[in-house]
Every structure is written in C-alpha cells, then in structure tokens.
Amino acid sequence: MSLFTMQQDDLPPHPLRILHLEDSAVDHELVRRALHKSGEHCELERVETLAEFRRQIQEFKFDVILADYRLPGFTALDAWHLLQQQIQQPPFILLSGAIGEPAAVSAIKTGISDYLAKDDLSKLAQVIRRSIEVHSIRRAKEKADIELALSEQRLADFAEHLQMTMEQERAAIAREIHDDIGGALAAVKFDLSWIGRHTTDSVTKGHVTAATEMLQHALEASQRIMMNLRPAILDQGLVAAVQWLAESFMKRTAIETTVHVFQEKDSLSKAVQLVAYRTVQEALTNIAKHANCSQVTIDLSDAENVLTLEVKDNGKGILPSEHNKPKSFGLRGLHERAKTVGGWLDVSSNGNTGTSIILSVPLSPAHSDTQQEND
C-alpha cells in the first residue's frame, strides 16, 4: 500500500476532487495515471483557460488544485490570485516543468502550497497528501486564532461590564453611607452637642466630649470611604482629584508625594477621568503595601491629544515573576480598565530603582464629545 493511501484519516472522506489547470492533454493524462498508480481514488477535472478556472472554483468545491506554471496568456500566479478571492481556498500546487528555483521560491512565498516538477510525478501523491495535511493544520490554527480572539473580546467585554457594575455598586453604597449612616451620625452629633450644653455634671460632660471625638472620627471615616467609593471630587476636575489623592496618601503614609501637572484641556470625559482616578488610587495602594519607598511622583499631561498619567516611586521595584502571580488582579484590572476608554497601561520596574506605572489614553475630539454625550 502506498504512503498516499495509508493516511486516510488525514484526507477527505470522499474521493479527492482535483482541479487540474493544464493546457496539455498529454501531461494531464500522465498526472491521471500517476494518481491511479498511487492507489488513491480521485476525480480529476481539467481546465485550460483562466475563465474556465474561475467558473470551476466558483461553482464547485475542490480538495486540491494542480496548476502548470506557464499557460497561454497567463501564469499559475494569475490563477492563484483569483483563488484568493474565494471563500473556499484549497491547497494550490504548482505542477510544472523547470521554472527555475527563484520563480518556485517566489511562488511559495505568495502562499502557494508546494511545487513539483512534471518529471517527478512519482512523488505527486505524497506532495498532495502533505499539502492537504498542512492546509488542514493551517485552517485549524486560523480557526483557533479566531476563537481565541473572540474569547479575548468576550473577556474584555465582561471586564468592562464588571468594572461598570462595580462603579454602580460603589456609587449606591456611597449614597447609602451618605444618606443613612452619615445622616444618623450627624443626628447623634447634634444630640451629643445638646447634652453637652444642658448638663452641668462634669463626668457627663467628659463622656460627651469623648463620645463627640469618637463620633467625629466616624464621620471622617465615612466621608473618606464615600470618597473612595464614589469620587465626587472628580466634579472639580481630574487635577483636583489627583491632588486630593496625593495629599491623602502623604498624610496617611508620610511618604513624600509630588504632583506635576501639564494640562492644556480644561475638560475630559467622565469615563477617562474615572479611569485615571482609579489608576492613581490603585497605584498608590500598591505602593503603600509593597514598594517600601520614600518618594512618589505623579505626572499628569494631555499634550499632543494623549492623556498621559505616570505614577512612579523609588522603592524596591517589582520582580518579573510578580507580574503574573495567580491572584494578582490589581494591575490586570488597571490594564482592562484602560482598554475601556481606548487606552493602555505600561508597567516598568528596574531592580531597586522603583516602579513606574504609565496610563496613556488618546483624546481625539470626536471620541471625547461622543463619550461626554454617553456619560
């Protein structure tokens, strides 16, 4: 049994349908005999002109195409270009006389499956089998690439939906804290103030003072939580919000924090502002937890229609192995968040020289106006 017939699992279940582009009836018969000798059952259709070739590939499905290189008025490359316009593109094999190695290599580089000289027809079955196998593998890879791209897009859409849902839930929680908890604490503070004014007992006054101080801490904590959940300060602009984050971070950690602003535009879409705000917030959180640094610098610029935000520290840096830790979702979340506004995130770290997180978002006028309307 020939090598060609031993690999039936890799070949189509039906007889091979082969389109032969050949102007010589003698050469066509030689091809037919070579395939018959290989023991493979096939259906061989011959065409001589480019018009016939176009009609055949448009109306019928073939498993492989064999083509002479030089034909009257055109070459196999012309047929190959016609084939590229079709949805179904079977393997395309040059079966020709001596065309020279440069021409054969050039043809293969265009995507043609293989080349075989006419005086070597004993290998034709093997070449066809190999071309079909490679073509099948290539199509499987293309299908896998498409499925992977779709999967990544679904994941990105889900991440965007998740981020939006989280922001909505944060806003709802912030409103509840403001309306319920904040209102209740304010009412208690008024009552304590009333008690303090109307009591003459020193012990009671001492308890009232202590309770008022504790209550004030609770009010400040609730306000801080609300600011983290729903950054109302963004209503004053991104610069004010970033400066507030930096000041709060410096008070909380005693790490020197500097903000440099090079802003030309007065307004940004709310979506872009929120992404930038959350990037600074997450970066400062990571710095406080892991950086072990003494200085943080925040640079904000919108030059050349690109919002650029950089948060860098002089800490111990991030090891390459830490970027892909299984449960390290902070930076991954920032990457996905940046994509929601058409931006991207770069994280760089050089040994003990610290870490730099850079957010870049293109600010095309049309996109900005549309985003403002959506917001």
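The side chains of K118 and E22 meet in a salt bridge, with 2.9 Å from N to O; a salt bridge here is a side-chain nitrogen of Lys or Arg within 4 Å of a carboxyl oxygen of Asp or Glu. K118 lies in the loop between β7 and α6 and E22 in the loop between β1 (16–21) and α2 (25–37), so the pair ties together parts that are 96 residues apart in sequence. Helices (H or I, at least four residues) and strands (E, at least two) are DSSP runs, numbered from the N terminus. The model is predicted: local features need pLDDT of at least 70, side-chain atom pairs count only at pLDDT 80 or more, and totals for chains, interfaces and linings use all residues. Residues are numbered from 1 along each chain as its sequence is written, and side-chain values use heavy atoms, with hydrogens and water left out.

**Salt bridges**

- The count of salt bridges comes to twelve.
- E22, D27, D68 and K118 are linked in a network of salt bridges.
- E22 is buried, at 1% relative accessible area, whereas K118 is partly exposed at 23%; buried means under 20% relative accessible area, exposed over 50%, and partly exposed in between (1.4 Å probe, protein chains only).
- D145 and K141 also form a salt bridge (2.9 Å, N to O); being four residues apart in helix α6, they are separated by about one helical turn.
- D145 is partly exposed, with a relative accessible area of 37%, and K141 is exposed at 52%.
- In helix α11 (residues 330–339), K339 and E336 are three residues apart, about one turn of the helix, and the closest N and O atoms of their salt bridge are 3.5 Å apart.

**Helix α5**

- A103, A104 and A107 are buried in helix α5 (residues 101–109).
- These residues cover an arc of only 100° around the axis, which puts them on the same side of α5; the arc is that of the directions from the helix axis to the C-beta atoms.
- The face of α5 turned away from its buried side carries the exposed residues E101, P102 and K109.
- The cover over the buried residues of α5 includes α4 (76–83), β6 (92–96) and β7 (114–117).
- Just after α5, G111 has a positive phi of about 120°.

**Buried positions in strands**

- A67, in strand β3 (residues 64–67), is buried at 0% relative accessibility.
- The C-alpha atoms of A67 and L95 are separated by 5.4 Å, although these residues are 28 apart along the chain.
- Leaving aside neighbours within four places in sequence, A67 is in contact with L21, A76, F92, I93, L94 and L95; contact means heavy atoms within 4.5 Å.
- S356, in strand β12 (residues 355–362), is buried, with a relative accessible area of 10%.
- Beyond its neighbours within four places in sequence, S356 has contacts that include V311, K312 and D346.

**Surface and whole protein**

- L155, F158 and L162 make a nonpolar surface patch of about 310 Å²; L162 belongs to helix α6 (residues 124–198) and is partly exposed at 41%.
- Patches are made of residues with over 30% relative accessible area and no salt bridge, like charges being joined within 9 Å and nonpolar side chains (Val, Leu, Ile, Met, Phe, Trp, Tyr) within 5 Å.
- The protein has twelve helices and twelve strands, and 37% of its 375 residues count as buried.

Conventions:
Areas by Shrake-Rupley, 256 points an atom, 1.4 Å probe, with all protein chains shown as cover.
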